[in-house]
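Please look at the assembly shown here with the contacts between its parts in mind.

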Amino acid sequence: MRFIAIGCCLLALAACTRERRDLRPAPADLVVLGDVGRQSELQPGGRNTQAAVGYPTQGNAYAISEGQRLFGWYNCTGCHAHGGGAIGPPLIKDEWIYGAEPANLFDTIVKGRPNGMPAWGGKIPEYQVWQLVAYVRSLNNLEPKSATPVRSDEIQQDPHAILPKPGDSPK
Amino acid sequence: MSTLITERIPEAAEQDQLEWVWRNQRGIAGWFSVTTHQQIGKRYIVTAFIFLLLGGLEALLMRLQLAAPDNTVLGPARYNQIFTLHGTTMMFLFAVPVMEGIGVYLVPLMLGTRNVAFPRLNAFGYWMYLAGGLLLYGAALANTIPDAGWFAYPPLSGPQFSPGKGVDVWAQMITFTEISAMCVATELIVTILRMRAPGMSLNRMPMYCWSMLVQSFMVIFAMPAVMVASTVFLLNDRTIGTHFVNPAEGGDPLLYQHVFWFFGHPEVYIIFLPALGMVSAILETHSRRGVFGYPAMVLSLVGNGFISFGLWVHHMFATGLPQIGEAYFTAASMMIAVTSGIQIFCWLATVWSGRLRTTAAVHFVFGFIFIFVMGGMTGVMLASIPLNLQAHDTFFVVAHFHYVLIGGALFPLFGAFHHWFPKLTGRMLDEKLGKIAFWILFVGFNLTFFPMHIVGLYGMTRRIYTYPAEMGWGPMNLLATVGAFMIAAGGAIFIANVMRSLRRGPVADSDPWEGGTLEWATSSPPANYNFAHLPVVADRYPLWSPKEDRGIVVGLRNDRREVLVTTTLDADPQHRFVLPGASIWPFLTALGASLGLVGSVFSFSWYYVATVLGMIGLIGWFWPREPLEVEP
Amino acid sequence: MRCTTLAILTASALSAQQSAVDAAGSYAAAIRSLGTFFLILLGLIFLIVIALALIPLTRRHRGIEQEPLEQTHQPSHGTETRLGTMVGIATAVTILILFGLVVASVSVGKSIAGPSTHANSIAVEITGNQWWWYVRYANLDPSRIVVTANELHIPVGRPVMIRGSSNDVIHSFWVPNLQGKRDLIPSRITTLWLQADRPGRYRGQCAEFCGLQHAHMALWVVAEPAVQFESWMTHQIEPSVAPSSPDEQRGKEVFLNSGCVLCHAIQGTPANGQVGPDLTHFASRMTLAAGTLPNNKGNLSGWIADPQTIKPGTKMATVPVKSEDMQPLIDYLESLR
């Protein structure tokens with residue numbers, strides 16, 4: 001019985017995160033980590049793709065959906081296409097040059113990266129950066145499936161055409 | 001009936017045997033395995049009234065938010081959730097199920113039989129309905145609340161514009177309630193067509209049974225449409241990425257609207273037709289004469305049923321359709337005023353030529369006539385395309401459909417409660433309190449909804465969570481809010497009356513209103529087997545014919561749940577039929593199906609779980625067993 | 001009765017700026033006349049039916065409980081026949097009346113479907129967005145195309161064809177003083193004809209539920225005489241005015257260097273964002289945020305600083321603007337006449 005009760009509470013909590021709508025986003029309550037970006041693909045230890053720290057838009061369906069909209073509005077598609085990469089690197093991948101932690105992604109968006117990624121800090125508000133982070137993570141299945149939309153209302157690409165195949169050389 | 005007579009058993013022993021064969025099992029497992037129509041009907045009614053209270057609370061919240069311009073009781077996100085819940089609850093979890101429940105309770109009694117044709121399907125239907133309601137409100141407790149309206153038009157309700165699981169829950173809840181409605185419709189059709197008392201040819205059937213028959217056929221044609229819309233189109237688009245309603249990939253958002261309203265308009269009549277039957281029953285009993293123009297009434301019921309499938313497009317005039325089609329749907333929409341008009345005229349003729357007792361039930365029926373006729377008039381206005389283009393999606397429409405739905409269904413329902421409460425419980429409701437509740441409800445209702453006609457014409461659109469003060473809609477909205485609280489007060493008095501009468505009401509005899517139809521021929525409340533001897537009928541109102549003309553069926557076995565099957569048209573006895581007894585399998589099957597359906601909102605793999613669990617449930621359900629032939 | 005009296009008392013507050021009752025054009029007037037006709041006829045029928053229902057209530061049947069049941073249940077054959085005739089007549093009258101109403105309705109429907117000739121008409125494209133209106137005056141000469149938002153200027157006395165569509169969900173274009181509504185559906189183009197016969201400002205509002213800010217999706221139609229309309233049009237074709245003071249110049253730099261340009265365009269500057277309303281002649285518009293606030297400096301600074309409080313859920317981002325940059329930015333935007 002107790003397990004059922006605890007399970008229900010957890011379910012409710014999970015649902016709360018997923019369904020919450022921050023229509024009046026407060027300034028992010030997270031301190032932005034320092035620049036943890038690296039210039040090399042080498043990394044210590046195993047592959048690091050887990051969310052280690054919480055972040056404001058984690059697992060939130062509304063934020064992911066807004067992130068998806070902003071991804072198009074702010075022309076992220078211009079370089080990254082719909083995640084498959086074009087003149088910019090793909091965003092659906094296993095290896096992240098600058099780390100796959102939410103804070104890394106946040107830093108990448110805010111501060112920009114060499115070879116063309118512009119710095120968006122000061123142009124778009126912090127809450128939208130987190131929404132973009134959530135969306136990019138959802139592209140990599142790092143967000144719960146139940147919070148991620150299965151499709152947009154746009155013409156769909158064949159997912160097999162954009163996922164890098166094993167053995168493909170990185171772009 | 002002489003062919004059926006085999007031997008006579010003494011009365012008392014007969015009763016004991018019936019009592020034993022038709023008893024409900026004790027204990028928790030017993031409670032879950034009930035299959036008698038009275039129990040299940042009552043469960044439907046009680047559950048539906050709980051949802052009515054929830055829907056009413058949501059309505060009050062909305063009225064609080066709209067009471068003043070620029071109000072901040074609810075934010076936009078909450079307001080959208082609340083109005084979605086309100087519409088969904090009232091349509092799917094209250095209005096249809098309560099009508100089905102009353103039908104399940106009354107129809108076998110009125111037909112003079114012992115149970116519905118498929119008792120286990122009946123139980124299964126109830127559990128599915130309950131599971132659907134629990135799904136919606138359980139999800140609401142976890143803050144997963146749909147917010148795209150009770151109609152959920154894509155693309156707004158689609159995966160891109162309604163993130164989260166709220167709309168999925170909504171769409172799956174529809175599946176539950178529609179399965180339930182289909183179950184009831186199927187069993188009522190078979191019960192009505194094949195289990196009437198001998199001699200009750202179709203033209204001697206009570207008007208209420210006619211209305212349930214037409215309604216059940218409508219359910220069978222209308223409900224699959226909404227399942228196509230909500231499950232096939234919307235849920236698949238949202239959960240597995242299909243493109244039924246995505247224009248970029250060749251889908252069409254208007255297709256959803258067509259299919260939805262092909263269900264949505266008949267839905268109104270699915271709610272309304274049983275109410276027509278109730279009004280006929282109440283008026284003929286309390287005017288002490290048979291309803292005037294029986295054939296015309298039956299034909300117009302059937303007419304309503306057919307025509308209501310031909311006017312769904314009047315919900316979509318603003319989408320811009322070809323003119324010739326629009327003219328057709330205008331004509332069709334107005335045509336339904338003819339069949340509804342005939343019913344009103346026949347009731348007026350009944351009242352004029354009868355000797356009316358102004359009981360509380362009759363008060364509610366007159367309230368119904370006032371409100372419903374006004375709703376009908378605004379309905380004729382809305383059928384006209386030019387007027388519709390101005391009034392559509394404004395508060396004028398909100399006023400209109402509350403006039404037809406509250407006036408057309410809720411008032412008759414309250415009347416029906418006063419009328420049949422003695423039969424259900426064996427106690428009378430207090431007449432004086434009933435009349436007080438009526439007047440408060442009636443005044444409150446008009447105070448709430450009449451001003452909405454005016455603000456609608458003055459430009460107030462529907463589903464807005466707030467409005468600026470300059471528009472001048474404030475005072476009328478305040479009136480409406482005051483009226484809404486009056487309705488709540490009236491409802492509270494009604495509930496108090498029911499609670500009080502359940503314990504201390506005067507004991508009712510079998511026929512307190514001197515009604516003419518068969519439900520009054522048995523004790524109040526009826527025994528589980530309804531009638532010790534199934535009646536034989538020679539007249540439309542058997543209880544009004546001289547006592548010596550009333551016959552009974554003998555020769556049915558009492559040591560198992562046996563009923564008489566009669567022919568479809570003339571109700572000539574055909575053969576005896578053993579109904580299945582109590583069983584927990586309908587509950588278990590419903591449980592398995594519910595698990596699968598709820599899970600499939602989150603992950604596709606639950607469909608397999610549902611299939612397996614459903615299979616196990618059905619195997620248990622249909623497992624061959626010894627016939628129930630145990631002597632007490 | 002009580003509610004009717006109260007309704008009359010409160011009706012005085014109602015405004016005529018967004019009202020199907022105060023018709024300002026021939027289409028709306030035709031609909032209003034039809035509505036009046038329906039209202040009077042159906043109102044009369046309603047009163048008759050209610051009177052017929054109430055009369056039997058005034059009769060008292062004392063002692064009916066004592067009468068034997070057999071005698072009370074069937075009125076005489078004569079009564080039944082008479083009642084049958086009356087019900088028959090009432091049904092026939094209903095059918096005739098409804099037939100008349102269908103004919104009236106269809107003929108008015110034809111007359112509001114558009115002018116017989118398209119000469120002298122103008123065409124405007126309206127695209128619904130969550131939660132604002134994109135307005136574009138079509139022209140064969142691309143240099144004469146005008147793009148604006150949330151405000152529709154039309155010449156008095158000339159038919160205007162609205163070609164509607166949507167960028168996201170279904171919206172519905174409705175200016176009750178001028179015409180009935182028409183849904184704006186993604187992937188489809190729907191049409192509607194408007195005509196204003198007297199100059200004025202008429203408010204319209206989205207009528208199809210479109211999400212969080214459905215309540216704050218209004219637009220204004222400004223109907224003006226031909227001369228004024230033409231001069232408005234000529235002005236709108238121009239690129240934006242150049243800043244006339246150092247403050248405004250500073251504001252322009254703030255605009256171009258901030259996130260504003262990601263969504264908004266100002267013709268004559270490098271700002272070319274396409275997803276938000278065009279701001280080329282922003283200061284000439286009456287309202288902010290799709291009719292939510294009057295357009296003035298105070299409201300504008302509030303709107304830029306915290307749009308999510310004024311219109312929770314709006315797609316307008318809370319763009320980071322330094323406090324010392326705010327005043328120049330507002331000065332610049334409010335100079336874009």
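Two residues are taken to be in contact if their C-beta atoms, placed from the backbone, lie within 7 Å. In this predicted model, the contact between chain A and chain B draws on 21 residues from chain A and 22 residues from chain B. On the side of chain A that touches chain B, the elements that give two or more residues are α1 (2–19) and α2 (61–73) of chain A, and of these α1(A) gives the most, with 6 residues. By class, this side of chain A is made up of 11 nonpolar, 4 polar and 6 charged residues.

Chain C is assigned two domains, with domain 1 covering 17–54 + 92–235 and domain 2 covering 246–333. Their C-alpha centres lie 30 Å apart, and 17 residues of domain 1 of chain C are in contact with 15 residues of domain 2 of chain C. The elements that give two or more residues to the domain 1 side of this contact are β2 (132–137), β3 (146–149) and β10 (218–224) of chain C, and that side as a whole has 10 nonpolar, 5 polar and 2 charged residues.

Strands β2 and β3 of chain C also belong to an open sheet of 5 strands with mixed pairing, in the order β3-β2-β1-β5-β8. Because β3 and β8 (190–194) of chain C stand at the edges with a single partner strand each, one side of each is left without a neighbour in the sheet. Neighbouring strands of this sheet are turned by 25° against each other on average, direction ignored. Within the sheet, β1 (residues 122–129) of chain C runs antiparallel to β2(C) and is joined to β2(C) by 6 bridges; T127(C) has Y134(C) of β2(C) as its bridge partner.

Notes
Residues numbered from 1 in each chain as written. Chains lettered and ligands numbered in written order. Predicted model: local features only at pLDDT ≥ 70, side-chain atom pairs only at ≥ 80, totals over all residues. Helix = DSSP H or I, 4+ residues; strand = E, 2+ residues; numbered from the N terminus. Nonpolar A, V, L, I, M, F, W, Y, C, P; charged D, E, K, R; others polar. Domains from an automatic or database assignment. Pairing = 2+ DSSP bridges. Axes fitted to C-alpha atoms, helices over the stretch in contact; angles between N-to-C directions.
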